[in-house]
Amino acid sequence: MASLIAPDNHVPAEDAEALNRACKGWGTDEKAIISILGHRNAAQRKQIRLAYSELFQEDLVKRLESELTGDFEKAVYRWVLDPEDRDAVLANVAIRKSGDYHVIVEIACVLSSEELLVVLVGLVTAFRYEGDEINTRLANSEADILHDAIKDKAFNHEEVIRILTTRSKAQLMATFNRYRDDHGSSITKDLLDEPADEFITVLRTAIRCINDHKKYYEKILRNAIKKVGTDEDALTRVIVTRAEKDLNHIKEIYYKKNSVALDQAVAMDTSGDYKAFLHALLGKEE
């Protein structure tokens, strides 16, 4: 369930003109930018960008980049992009930033095959079946394959990689459930018992994202906020990418885990226009 609150009807040209006024003069009207862009869905934002280009012969994204700064600018920039372009930017940043492979895995495991074909054709070549049909016998046998690989510490065995990259999410869920039922422990717990290296970290991320991506994102948010010094990149990434999808569900999990509402936690760790924009995407007004 999305947290974004967007109007059923809007006039793209009016929004474009209001954004242009917000960017004119000596000072930028950040509140006007938040009130518009913080309440428009992906289709509406695309219409606004087209209208802005037609009216002012200028790219709205570039104009906003020149007007805004810091974490607020980064959040608005990523929000205004089409979702597939945003995920491509996140992937590109992760590739350039050494040690951020978990972001690539996160994108590859959470998005549907159709979304991946649009975003990461050059990065992800496997096409998963997206239906709900499962093969119980296959789940049983592949649960044993995964268990044996973990027991033997053969984490990068070709069979492990084949299973995780080609099976549908429904099939993998059946396999993970069978793993727990047969061996008395979840696959994620067994992996946590292993010393972390780069490959095992990526493997854990993939399994967590496939198993329950909402719980995975809650943990990303929790770690981002609890760090000494907020991890604004992680905080922005989760809120911006999930606001139109399932951020309300992630908020519920966050509250159950931490006994504090996510918007309150964000308010305590952020400030100014950045905080106001994240609150808008969280469905909470200042």
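Predicted model: local features only at pLDDT ≥ 70, side-chain atom pairs only at ≥ 80, totals over all residues.
**Loop between α9 and α10**

I began with K153, which is found in the loop between α9 and α10. The phi of K153 is near 60 degrees, a positive value in a residue that is not glycine. Is K153 buried or exposed? I found it at 53% relative accessibility, so K153 counts as exposed, the cut-off being over 50%.

**Loop between α3 and α4**

Next I looked up Q57, whose place is in the loop between α3 and α4 (60-67). Q57 also has a positive phi, about 50 degrees, although it is not a glycine. With a relative accessible area of 65%, Q57 is exposed.

**Helix α11**

I then checked the length of helix α11, residues 169-183. Its 15 residues should span 21 Å at 1.5 Å a residue, and the end C-alpha atoms are 21 Å apart, which agrees. Which residues of α11 are buried? I noted Q171, L172, A174, T175, F176 and Y179. What covers them includes α9 (136-151), α10 (158-166), α12 (187-192) and α13 (198-226). After α11 comes G184, with a positive phi near 75 degrees.

**Aromatic pairs**

How many aromatic pairs does the structure hold? I found 3. One of them joins Y52 and F56 and is tilted, with 4.9 Å centre to centre and 50 degrees between the planes. Y52 and F56 are 4 residues apart in helix α3 (residues 42-56), so about one helical turn separates them. I compared their accessibility too: Y52 counts as buried at 0%, whereas F56 counts as partly exposed at 27%.

I also looked at F72 and F277, whose ring centres are 6.0 Å apart. Their planes stand at 75 degrees, so the pair is edge-to-face, a label that needs over 60 degrees. This pair links distant parts of the chain, 205 residues apart: F72 is in helix α5 (residues 70-80) and F277 is in helix α17 (residues 272-281). F72 is buried, with a relative accessible area of 6%, and F277 counts as buried at 0%.

**A charge over a ring**

While on rings, I looked at W79. R45 lies over the face of W79, at 3.7 Å from the ring centre.

The largest cavity has a volume of about 100 Å³. It is lined by 13 residues, and those closest to its centre are D87, L111, Y217, T241 and R242. Which element supplies the largest share of this lining? It is α6, with 4 residues. At least two lining residues of the largest cavity come from each of α6 (83-96), α7 (101-110) and α14 (232-242).

**Largest pocket**

My last entry is the largest pocket, with a volume of about 920 Å³. Among the 30 residues that line it, R208, Y216, K219, I220 and N223 are the closest to its centre. The elements that give two or more residues to the lining of the largest pocket are α6, α7, α12, α13 and α14. Which of them gives the most? I noted α13, with 14 residues.

Methods
Residues numbered from 1 in each chain as written. Heavy atoms only, no water. Expected span 1.5 Å × (residues − 1). Buried < 20%, exposed > 50% of the residue type's maximum accessible area, 1.4 Å probe, protein only. Contact = heavy atoms within 4.5 Å. Phe/Tyr/Trp six-rings, centres within 6.5 Å; stacked < 30°, edge-to-face > 60°. Lys NZ or Arg CZ within 6 Å of the ring centre and 35° of its normal. 1 Å grid on protein atoms, 1.4 Å probe; cavity = no way out; pocket = protein on both sides within 12 Å on 5 of 7 lines; lining within 4 Å. Points joined across faces, edges and corners; volume = space filled by probe spheres on them.
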